Amino acid sequence: MKITVIGTGYVGLVSGTCLAEVGNDVLCLDLDPEKIRILEEGGIPIYEPGLQEMVKRNVAAGRLRFTTSIEQAAHHGTIQFIAVGTPPDEDGSADMKYVLSAARNIGRLMTDYKVVVDKSTVPVGTADLVRETIAAELKLRGIDVPYSVVSNPEFLKEGAAVEDFMRPDRIVVGADDEQSILLMRALYAPFQRNRERLIVTDVRSAELTKYAANAMLATRISFMNELANLAEKLGADIEMVRQGIGSDPRIGYHFLYPGCGYGGSCFPKDVKALIKTAADKADIELKVLTAVEEANDAQKHVLTGKITAHFGELRGKHFALWGLAFKPNTDDMRDAPSRTLVADLLAAGATVTAYDPVAMHEAQRIFGDEPRLRYGDSPMACLSDADALVIVTEWKEFRSPDFDAIKAKLKSPVIFDGRNLYDPKLVRGMGMTYLPIGR
Ligand SMILES: NC(=O)c1ccc[n+]([C@@H]2O[C@H](COP(=O)([O-])OP(=O)(O)OC[C@H]3O[C@@H](n4cnc5c(N)ncnc54)[C@H](O)[C@@H]3O)[C@@H](O)[C@H]2O)c1
């Protein structure tokens, strides 16, 4: 099939590449010429395990191409995926300007039947808006070209995006005409050969499903974070509680890890957007989700609270920071808890040396030339002259460090662990002060 993917970011690049991998003819459009330049020169603009090799293979096979030409993109694909960003607007609602601009471009240039697929996470009612936007452009041109609009939200996880796309748990397709449903079934058949994973719904239910999924996961995290803070005060160990409740199949172990708050490009903005949609479009206050968001905002300061409680005055103190990305296996730092922590520490007059396996260039972009934030070449290199080690991202390489070496390098043997990586008995047994979450 001929496919255009509009927006070549985390979702667009992975989707386009995986669709090419199974034999489709894919053209990825982005308006950012730098991204397209990097891709055309054989690089990839993001860190995502397994993606670079797959991009190379499909480019070499002639099935995957990149462009900044809106015209070329509009003419190429019968299926036009919209995978542009939907960042939060000032009031928390999803900013739809990129989605609608993509829709306008399709309407302005299309000459034959198109299935326009919303893959971006978009509020309920967006498919209608996309349909109207295209209709308005066709009307301006005085022509009538058939098209369908489908909602096909994406559930991939950064860090495991290729695997998630190639072996999805489910593929949600919201559509109301048979022709586009048939086409989507054929498009996704190669990704579900051992059992049917396609869930066909009406368009609005598909749009809401994506927000419901992220809202549920965020709720589990905030719930566990609150319980962790409680466990700490009551002298209980949240890790034992987690195992005790996770073993109940109605609850399960996934997404029950307490920590220093959720971040990333999805949960924070999607929770906000759903609260806003409910208030504006349905006059409903989503009380649970409002609390989820408040709890998370507070949790992002939990490490600062522990550090301040331990040291008192932070002016002149120096901290080693392990982990900048919002989670392991990605360089994404959008809404990452590390950003809150670094901002808190710098504001309190402290200095920081940070290490992350892949996100340091992103941190440099975000924090610019901040002289009080430096970067280490390795986890151990950050520790020199530091008053304590603070862990924010659970990268594998942090899981089994040389505690003797840590103790020897730090000015005082203190670890603040925002991800509960270590056995408290073991670390404390080595004569270190260990301050995890809820233990
Ligand atoms: N990142 C994730 O893990 C993830 C997972 C599921 C769903 N989503 C959703 O997918 C959407 C995209 O997210 P992302 O993380 O890939 O965003 P991103 O910011 O990485 O990529 C979006 C890209 O779209 C480009 N763009 C913007 N307007 C354009 C236009 N009119 N034409 C062509 N290109 C345009 C931008 O230059 C950018 O490269 C969002 O709605 C997000 O919520 C993201």
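**View 1. What lines the second largest pocket.** By class, this lining comes to six nonpolar, four polar and four charged residues (nonpolar is Ala, Val, Leu, Ile, Met, Phe, Trp, Tyr, Cys and Pro; charged is Asp, Glu, Lys and Arg; polar is the others, Gly among them). The model is predicted, with local features needing pLDDT of at least 70 and side-chain atom pairs pLDDT 80 or more, while totals for chains, interfaces and linings use all residues. Numbering runs from 1 along each chain as its sequence is written, and side-chain values use heavy atoms, leaving out hydrogens and water.

**View 2. Inside the second largest pocket.** The pocket holds about 170 Å³ of space. Of its 14 lining residues, Ala-94, Met-96, Pro-123, Thr-277 and Lys-281 sit closest to the centre. A pocket here is an open set of points on a 1 Å grid over the protein atoms alone, where a 1.4 Å probe fits, with protein on both sides within 12 Å along at least five of seven lines; lining residues have an atom within 4 Å of a point.

**View 3. Helices at the pocket.** Both α6 (126–141) and α11 (267–282) supply at least two lining residues, and α11 gives the most, with five. Helices are DSSP runs (H or I, at least four residues), numbered from the N terminus.

**View 4. The two sides of α12.** Leu-289, Val-292, Glu-293, Ala-295, Asn-296 and Gln-299 are buried. They cover an arc of only 165° around the axis, so they lie on the same side of α12. Lys-287 and Glu-294, on the other side, are exposed (buried is under 20% relative accessible area, exposed over 50%, with a 1.4 Å probe and protein chains only).

Technical notes
Points joined across faces, edges and corners; volume = space filled by probe spheres on them. Arc of directions from axis to C-beta.
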